[in-house]
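Colleague: Thanks for sitting down with me. Could you walk me through the labels you use here, and what each of them rests on?
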Amino acid sequence: MRRRNAMKIVAIVRESPHVSRADVARLTNLARATVSSIVDDLIAGGLLRETGSKESAKGRRPIGLSFNTEARYSAGICVDQDRIDVVICDLDGVIRLEYSSSLKSDHTAQELVEEIHGTLTRALSEAQLPPDKLAAIGLAVPGPLRGGSTSSASPEKHIVRIDYRIVQEALTKIVQREVVLDTNLNMYAIAQIGKAKIAADFNTILIVRVGHLVRSAFVINDQVFEGRGKRAGEIGHLKVPGQMRHCFCGGMGCINTVASIPSIIDCCIDRNQPVRNMDEVAQAVKNGNKHCIETLQNAGIAIGYGVSAAINLLAPDMVLIAGRNVIEHDCVRHEIYAAVQRHSLAPNLEDCKLVLSMSDEKPEAYGAALRAISTHELLPADSGF
Ligand SMILES: [Zn+2]
């Protein structure tokens, strides 16, 4: 009860800075003594600050209260195929530090936990933040969250499928904080929703992220539509006519088999181009290597095909395609636009804003940090409330 009252008080002070204790008592219907006692504890805990008394015509005005956005921090961590990003935010979602480290792609769950913990520790130390001020952690990982078995014919043979819930559990034990787990795509969507500009103008947004899988999130009025069993968004398993590669889902010709990063690398290798990562693909494209360019064009065609299916079905206000490693290439973007034009129903496409985001920020990690702030109750469990 005291904890709930404390949270109510924190919420009021956040909304109306410089509010007085008397106002808080009135707004919460709590006794003034109760409010004062809780406020004193919140001040001692650093979450609230007193803003000093002001003289007014009626005499001394009571001391106001304000919320200390730097009382705690949240960390958002994004695990991608070859790196770990960390973003540290204050309680208002203002970024304090961005940090990255590389990750070898054939890691086990245990190695991943150690890498995440090491990266987080270095980030906190670089940000010069005391570890006890870390309120919660958001962890963004490649979907799906639970690992599955892959067939030997999998085009993603060099992807280790990890059960990320085990990683979440182990990390929670080590850092002694709540760890909120979701997919990179959903965390990315949260970061986009956080950008008020987009949310204000567009009520329905389809976000497509090209990474180690091609996934999508449909955002309706700031909420990610998750579908039954949170299984919505698998645009990467739409079958593209004419594509014959086997997918780990058991199907054939899925978008994932031509447009995901591991598949692009595999397709280049199949054409005797010995590339190991997207940097090497980019270098080959720069040198005019036609095998790598065609591979990327096929990826663009497949992505455009999937996006147009979604445009026809959902008629979104906006489609945002992200995944800089892939869509930074002119040949990919050109084929995406061409395929969307070719396959989309004209009226649906006409009213839809198509954006290819080349952002180099760390939106997944940022979304994870925001998610941790919103999920975690601001008051730490050991604060006496
Ligand atoms: Zn598939």
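This is a predicted model: local features need pLDDT of at least 70, side-chain atom pairs count only at pLDDT 80 or more; totals for chains, interfaces and linings use all residues.

Colleague: Good. Why is His-18 called partly exposed?

Modeller: His-18 has 15 C-beta neighbours inside 10 Å. Exposed needs 12 or fewer and buried needs 20 or more, so His-18 counts as partly exposed.

Colleague: And what makes Gln-128 exposed?

Modeller: Gln-128 has 8 other C-beta atoms within 10 Å. The cut-off for exposed is 12 or fewer, so Gln-128 is exposed.

Colleague: What makes the phi of His-18 and that of Gln-128 worth a remark?

Modeller: Most residues other than glycine have a negative phi. His-18, in contrast, has a positive phi near 70°, and it lies in the loop between helix 1 and strand 1. Gln-128 has a positive phi too, near 55°, and is found in the loop between helix 4 (109-126) and strand 9. There is also a glycine with a positive phi, near 90°: Gly-46, which follows helix 3.

Colleague: Let's stay with helix 3. How do you know that its span is close to what is expected?

Modeller: Helix 3 (residues 32-44) has 13 residues. The expected span is 1.5 Å times one less than the number of residues, which gives 18 Å here, and the helix reaches 18 Å from its first C-alpha to its last.

Colleague: Why do you say that the buried residues of helix 3 line one face?

Modeller: The buried ones are Val-35, Ile-38, Val-39 and Leu-42. Seen down the helix axis, they fall within an arc of 105°, so they line one face of helix 3. Ala-33, Asp-40 and Ala-44, on the other side, are exposed. The buried residues pack against helix 1 (2-15), helix 2 (21-28), strand 2 and strand 5.

Colleague: What makes strand 5 a partner of both strand 1 and strand 2?

Modeller: Two strands pair if DSSP finds at least two bridges between them. Strand 1 (residues 19-20) has 2 bridges to strand 5, and strand 2 (residues 48-50) has 3, so both pass that cut-off. Both pairings are antiparallel. Leu-65 in strand 5 stands opposite Val-19 and also opposite Glu-50. Leu-65 and Phe-67 form the covered face of strand 5, while Gly-64 and Ser-66 form the uncovered one.

Colleague: Why are strand 8 and strand 10 called edges?

Modeller: They belong to an open sheet of 5 strands in the order 8-7-6-9-10, with mixed pairing. Strand 8 (95-102) and strand 10 (178-183) each have a single partner strand, so one side of each is left without a neighbour in the sheet. The twist averages 15° from one strand to the next.

Colleague: And how do you know that strand 6 pairs with strand 9?

Modeller: Strand 6 (residues 73-79) and strand 9 (residues 134-141) run parallel and are joined by 6 bridges, and at least two are needed. Cys-78 has Ala-140 in strand 9 as its bridge partner.

Colleague: Last one: which residues touch the most other members of the largest nonpolar core?

Modeller: Ile-77, Ile-303 and Ala-369 do, in a core of 109 residues. Helix 11 (residues 290-314) gives the most to this core, with 10 residues. Ile-77 touches, among others, Ile-84, Val-86 and Ala-368.

Conventions. Residues are numbered from 1 along each chain as its sequence is written. Helices (H or I, at least four residues) and strands (E, at least two) are DSSP runs, numbered from the N terminus. A nonpolar core is a set of buried Ala, Val, Leu, Ile, Met, Phe, Trp, Tyr and Cys residues joined through C-beta atoms within 7 Å. Two residues are in contact if their C-beta atoms, placed from the backbone, lie within 7 Å. The arc is that of the directions from the helix axis to the C-beta atoms. Axes are lines fitted to C-alpha atoms, for helices over the stretch in contact, and angles run from 0 to 180 degrees between N-to-C directions. Lists of a residue's contacts leave out its neighbours within four places in sequence.
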